[in-house]
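Here is a short briefing to read beside the model. Please keep the sequence and the 3D view open.

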Amino acid sequence: MQRKHSRHTGHLARSTRLVGFAAVAAVGLSVANAAYAEIDWMQQSGSKINLLLISHPFVDSLKPLLPEFTAKTGIEVTFEELAEQPGFEKLLADLSSGTGTYDAFMTSPLNNWQYATAGWLEALDGFIDNPALTDAEAYDIGDFAPGILASGRWTREPMKGIGEGSLWGLPINFETYQLAYRPSILKELGLEVPQTYADLLAMAPKLKAEGPNGAIYGIITRFDKYWDLPYLTFGTMLQSYGVEMVDEEGNLQICSPESIAATTDFVELIRTASPEGAGAFTWDQAMQGFASGQYIISLDEANLFAPVYEDPSQSAISDDVGYAPTPLGPDGKRSAGAWVWSMSMNSASKNKDAAWLFLEWLTSKETMIKTHLGGNMNPVRASAWANPDVAALVESWGEHPGQYREVAEEMAKVAGVNFPPHPELTRMLDRWAEAIQQSYFDNGNVEENLCAAQADVARMLGN
Amino acid sequence: MSGHDVEAYRRGWRARLTYWGMLVPALVILFSSLYPFLQGILTSLTNRKLYLQTEDFIGLGNFETLIHTPLFWTALGNTLIYAVLVVVIQIPLGLGFALLLDVPSRVRSFFRTTVVLPLLVPPVVAGLMWKTMMQPQSGVLNWLLQAVGLPPFSWLTDPSTALISVVLIDAWVFTPFAVIIFMAGLQSVPPEIEEAGRVDGANAWQIFRLIRLPWLVPYIVLVALFRVADSLKQLEIIYATTRGGPLNATRTLHIMAYEEAYRWSNLGRAMAIVFVLWLICYLISGLLLALWQKQEKARYAV
């Protein structure tokens with residue numbers, strides 16, 4: 001059943017790369033910043049919309065801008081801000097009850113595959129194409145990085161059709177993954193920034209130092225038993241080893257030889273160069289651990305953590321941090337995961353036009369740039385990267401001027417959502433993550449663990 | 001019609017009024033408490049997923065799947081071990097504290113107030129607080145261990161030590177509950193019995209073992225009843241510290257049900273797990289209640 005199911009997927013269905021990102025970025029501010037002359041922004045004046053926002057620097061950058069929106073449109077905006085875990089739980093409870101409490105909400109393609117399947121999302125194409133609601137020229141949808149925008153499209157067929165069909169969400173920022181390192185310590189140890197995973201493995205035993213507050217450990221990265229491990233961070237390493245969850249023929253690759261090799265190397269890296277407790281690090285511990293100066297290399301972690309590393313009030317390393325693209329796999333390949341924060345509209349909303357005006361205003365060139373200047377990274381519009389103020393913001397980040405941006409653009413070329421869309425993908429990825437953790441904690445060998453996970457995932461797909 | 005008949009009629013009329021007056025609210029309460037429960041059982045017999053519009057009745061299918069899921073048995077084991085450890089640690093510890101606080105002293109009232117403080121901390125906050133203190137590299141606990149020359153401990157971060165670490169946090173939060181109940185119990189021991197014992201030459205240990213402890217048995221059963229039921233359903237502390245990990249070391253039935261429902265939208269299977277948890281709670285509570293009744297009977301039979 002599973003075989004038959006996934007054979008249809010083919011390769012075109014699965015991945016949406018962020019190609020064209022750098023090229024589009026170079027085009028710059030060519031399109032005129034025309035005011036929204038064409039549409040009547042006050043048409044929904046007096047209505048109210050309610051948002052669900054997930055705590056993120058984006059939200060902090062948005063809050064001071066909300067009065068501007070209300071002044072422009074007469075639409076009153078209220079919102080609830082929650083941490084990721086409780087936020088998505090509350091959203092699920094609200095969406096499944098169909099009450100329409102939230103007119104629009106923060107989400108991601110991964111979440112939307114379930115919400116869209118359930119019919120909880122309003123397709124946005126109709127609003128974009130409606131000249132009474134959207135000034136197409138000023139909005140300039142072509143200004144979005146094509147791959148990132150495409151990750152919000154889906155035909156709602158399991159295991160295929162990503163990048164096609166209706167648009168379920170508009171991107172507001174994205175993160176991909178990179179190495180962050182401590183230049184002074186690497187120099188002291190006489191080590192170079194690793195170019196390949198083999199380099200990193202070879203230098204792992206040497207990655208230790210003494211700092212003012214005790215031992216400095218080699219490597220930190222998140223390692224909890226959840227989907228973000230194979231989907232995002234370790235997923236970046238897996239994909240560079242040539243592993244995608246489903247191959248071109250539609251076969252699961254969770255226990256392929258490449259996957260076994262990547263997992264074996266990853267476990268060895270963590271065992272050699274990470275301290276005790278590394279098997280339970282969450283993303284925030286990985287971020288704070290590196291910012292506190294206790295680690296030499298942050299492996300394949302979110303490039304969105306850079307603003308924290310660079311901020312002296314949150315970081316002990318703001319004047320001693322460098323960035324590099326993730327290492328190359330055994331065949332010289334580099335690929336990376338991507339996380340795309342998006343805004344979607346509730347199909348049970350009673351104020352859809354007002355909610356659309358909000359989404360249109362929020363994802364417009366002008367507002368996006370304002371959010372970036374308020375700390376919302378990374379830009380998803382070419383015009384934002386081309387904005388001198390936004391560019392100046394990240395210019396000083398890294399070991400030398402412009403390093404962060406160079407690395408971010410390099411990674412954006414290879415980053416993408418390389419997974420088959422499925423409403424229960426998180427469950428499958430959670431199971432995969434469990435197998436990786438089992439291997440770290442010495443519960444059976446890598447191959448057995450991964451193959452058992454693959455068998456379970458095949459069963460989930462069979463349902 | 002004799003006076004007797006009128007009386008009977010009145011009684012009948014009043015009795016009927018009372019009958020209906022009591023029955024209707026009772027039925028409302030019964031219905032409102034039973035309805036969600038029955039709804040839950042009904043859901044556990046379906047393949048209901050939050051994101052699908054349709055659901056099918058699948059009988060005991062969810063339970064059958066659970067039996068064949070190794071994780072279910074791991075979680076069941078963790079749930080029972082957690083409850084047993086909670087009782088085994090908190091009752092003797094609570095009793096010890098209560099006995100200490102029963103000794104007349106000038107600082108007694110100070111300690112009586114401070115001992116209940118952990119109970120006032122929300123379990124989630126306690127969990128987060130202890131998670132920070134138990135952090136292997138930067139936590140204060142390992143710093144203390146190293147200060148006295150002991151090797152660092154892995155606490156919440158290793159599958160072999162995570163469960164006991166969570167149980168210790170539970171003990172910090174809830175042992176004061178046992179202390180309060182036992183203190184009340186000790187105060188109810190009639191002083192004349194203790195005095196009589198002393199006159200007969202009993203030493204402190206004999207007074208404790210032969211007078212106080214038997215007197216405290218109903219209180220011990222009561223604490224056990226509450227702590228077992230509570231710890232079988234424990235969620236906040238575990239979720240705040242380990243979310244069921246590392247690996248599945250602290251994944252209890254409640255955590256498993258929560259993840260089925262909220263991470264994976266599988267309401268049917270989540271309800272099946274909750275039902276199993278309810279059944280365990282019901283059986284163990286029933287057992288403890290029977291124990292209590294038995295010893296109450298024994299006490300008043302004398």
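How are helix 8 of chain B and helix 10 of chain B oriented to each other? They are roughly antiparallel, because the angle between them is about 150° and angles over 145 degrees count as roughly antiparallel. This is a predicted model. The points below take up that helix pair, each chain, the contact between the chains and some backbone details.

**Helix 8 and helix 10 of chain B**

- Helix 8 covers residues 159–187 of chain B, and helix 10 covers residues 204–232.
- Their axes lie 9 Å apart.
- The crossing of helix 8 of chain B and helix 10 of chain B is right-handed.
- Helix 8 of chain B brings B:Asp170, B:Phe174, B:Ala178, B:Ile181, B:Phe182, B:Gly185 and B:Leu186 to the contact.
- Facing them in helix 10 of chain B are B:Arg212, B:Trp215, B:Leu216, B:Tyr219, B:Leu222, B:Val223, B:Arg227 and B:Ser231.
- By class, the residues of this contact are 10 nonpolar, two polar and three charged.

**Chain B overall**

- Chain B has 13 helices and zero strands.
- Its radius of gyration is 26 Å, whereas a compact globule of 302 residues would have one near 19 Å.
- Along the principal axes, the C-alpha atoms of chain B fill a box of roughly 95 × 75 × 30 Å.
- Of the 302 residues in chain B, 32% are buried.
- For contacts in chain B between residues at least 6 apart in sequence, 68% join residues at least 24 apart.

**Chain A overall**

- Chain A has 22 helices and 14 strands.
- The C-alpha trace of chain A spans about 65 × 55 × 35 Å along its principal axes.
- Buried residues account for 55% of the 463 residues in chain A.
- Of the contacts in chain A with a separation of 6 or more, 78% are between residues 24 or more positions apart.

**Contact between the chains**

- Chain A gives 22 residues to the contact, and chain B gives 16 residues.
- On the side of chain A that touches chain B, helix 5 (84–97), helix 6 (109–118) and helix 21 (425–440) each supply at least two residues.
- Helix 21 of chain A gives the largest share of that side, four residues.
- The residues on the side of chain A that touches chain B comprise six nonpolar, 10 polar and six charged.

**Packing around helix 21 of chain A**

- Helix 12 (residues 228–240) of chain A crosses helix 21 of chain A at roughly 65°, and their axes come within 8 Å.
- In that contact, A:Leu229, A:Pro230, A:Tyr231 and A:Phe234 of helix 12 meet A:Leu429, A:Trp432, A:Ala433 and A:Ile436 of helix 21.
- The contact of helix 12 of chain A with helix 21 of chain A has eight nonpolar residues, no polar and no charged.
- Helix 13 (residues 257–273) of chain A packs on helix 21 of chain A at about 50°, with axes 10 Å apart.
- Helix 13 and helix 21 of chain A are therefore oblique to each other.
- Their crossing is right-handed.
- A:Thr263, A:Val267 and A:Ile270 in helix 13 of chain A meet A:Ile436, A:Ser439 and A:Tyr440 in helix 21 of chain A.
- This contact of helix 13 with helix 21 of chain A divides into four nonpolar, two polar and no charged residues.
- A:Ile436 takes part in the contact with helix 12 of chain A and in the contact with helix 13 of chain A.

**Backbone details in chain A**

- Most residues other than glycine have a negative phi, and most peptide bonds are trans.
- The peptide bond from A:Met377 to A:Asn378 is cis, with omega near -10°.
- A:Asn378 sits in the loop between helix 17 (365–373) and helix 18 (382–386) of chain A.
- A:Met159 is not a glycine, but its phi is positive, about 70°.
- The loop between strand 5 (153–154) and strand 6 (166–167) of chain A holds A:Met159.
- A:Met159 counts as buried, because 22 C-beta neighbours lie inside 10 Å.
- A:Asp300 has a positive phi near 50° and lies in strand 11 (residues 295–302) of chain A.
- A:Asp300 also counts as buried, because 27 C-beta neighbours lie inside 10 Å.

Note on methods:
Residues numbered from 1 in each chain as written. Chains lettered and ligands numbered in written order. Predicted model: local features only at pLDDT ≥ 70, side-chain atom pairs only at ≥ 80, totals over all residues. Contact = placed C-beta atoms within 7 Å. Nonpolar A, V, L, I, M, F, W, Y, C, P; charged D, E, K, R; others polar. Axes fitted to C-alpha atoms, helices over the stretch in contact; angles between N-to-C directions. Parallel < 35°, antiparallel > 145°, perpendicular 65-115°, else oblique. Left-handed = near helix turned anticlockwise from the far one by under 90°. Buried ≥ 20, exposed ≤ 12 C-beta atoms within 10 Å, placed from the backbone. Rg over C-alpha atoms; globule rule 2.2 N^0.38 Å.
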